[in-house]
Amino acid sequence: MANSQAICTSFKQEILCGIHAIGTTVVRAGTTKDTIKAALYLASASLGAGTTAYSGTGEVSGANYSAGGATVTNANEPATAAGIAYWTPSASVSWSNVTLGTAFDAVLFYNSTQSDKAIAVFTFGSQTVTSGNFSLTMPTNDETTGLIRLN
Amino acid sequence: MLVQTTKGLIERDQLIIKDIVSEEDNSRITATEWYLGDELVRRDVNVNVLRGLDLFPEASM
C-alpha cells in the first residue's frame, strides 16, 4: 500500500452540499437545499465564466416568460462515482405557451437562495419560440454526463 | 385536436408540421414548426443537453 495525493472525492461532493467553507462564507438559514433557477439569455448577451450572478440584462422577454426564469426541480443529491462528484436537476426545465421572438442561445443556472449567485452557463444553437413550448432536457445524472461535474 | 397558435386554437388537421433536428457539441435540438398555409403560427423547441460541464475539464483528459 502506498499513499497517493488527491483531492478527496468526498470533499468534491461536500462542496456541492456547502459543507466546507475554506473562505469566508454566509450565514445559512438551515440545512435545506438552496433554490436553483434557470434563466434564458439572448444570443446578443455576454454570459460566460465571468458571470457572477443573475442579471436581467440580456435576458429573454416575451409572453408567459417571467424575468428570473424558472425554478429547477432538484430531487437529486450530489453524488460521486469514479472520483467525480456530480449533480443534475431531476427534471427538465420548461416554459409553456411562450413567445420568445428574439434569438436566444444560453441558459444560466443560478442560486436564488444565495443572492442569485451564478452556477453555470450552457449554450446551444440559437432559437426562437412562437406561441409554443421550450424545454431543456437534462442529461443522465452520472459521472460521465451529469450537468455539473467536479473531476 | 386543437393546437394553440398565434391565431388562437386551430385544428391540428389544418396545420403543416415540420420537425427540424440539429446537433450541437453538447446538445441535440428539436424544433417543431407549425404552419397555417405559408405562415408560421407556432414553434416549439426542445434542447436535449447530452453532457454537462466539468469543473476541471483537464482532469478528465
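Me: Among contacts in chain A between residues at least 6 apart in sequence, what share joins residues at least 24 apart?
Reply: In this predicted model, 71% of those contacts join residues at least 24 apart. Being in contact here requires C-beta atoms, placed from the backbone, within 7 Å.

Me: What makes up chain A, from the N terminus on?
Reply: The order of elements is α-β-β-β-β-β-β-β, that is, one helix and seven strands. The C-alpha trace of chain A spans about 60 × 35 × 25 Å along its principal axes.

Me: What does it take for a residue of chain A to count as buried, and how many do?
Reply: The cut-off is 20 or more other C-beta atoms within 10 Å of the residue's own. Of the 151 residues of chain A, 28% count as buried.

Me: How many residues of chain A are in contact with chain B, and which element gives the most?
Reply: On chain A there are 26 such residues, in contact with 27 residues of chain B. β6 (117-137) and β7 (148-150) of chain A each give two or more residues to that side, and β6(A) gives the most, with 15 residues. The side of chain A that touches chain B divides into 11 nonpolar, 14 polar and one charged residue.

Me: Why are β7(A) and β6(B) said to pair?
Reply: Pairing needs at least two bridges found by DSSP between two strands. β7(A) and strand β6 (residues 53-54) of chain B have two bridges, in the parallel sense, so they pair.

Me: Which residue of β6(B) stands opposite A:Ile148?
Reply: B:Leu53 stands opposite A:Ile148.

Terms used: Residues are numbered from 1 along each chain as its sequence is written. Chains are lettered from A and ligands numbered from 1 in the order in which they are written. This is a predicted model: local features need pLDDT of at least 70, side-chain atom pairs count only at pLDDT 80 or more; totals for chains, interfaces and linings use all residues. Two residues are in contact if their C-beta atoms, placed from the backbone, lie within 7 Å. Helices (H or I, at least four residues) and strands (E, at least two) are DSSP runs, numbered from the N terminus. Ala, Val, Leu, Ile, Met, Phe, Trp, Tyr, Cys and Pro count as nonpolar, Asp, Glu, Lys and Arg as charged, and the others, Gly among them, as polar. A residue is buried if 20 or more other C-beta atoms lie within 10 Å of its own, exposed if 12 or fewer, and partly exposed in between; C-beta atoms are placed from the backbone.
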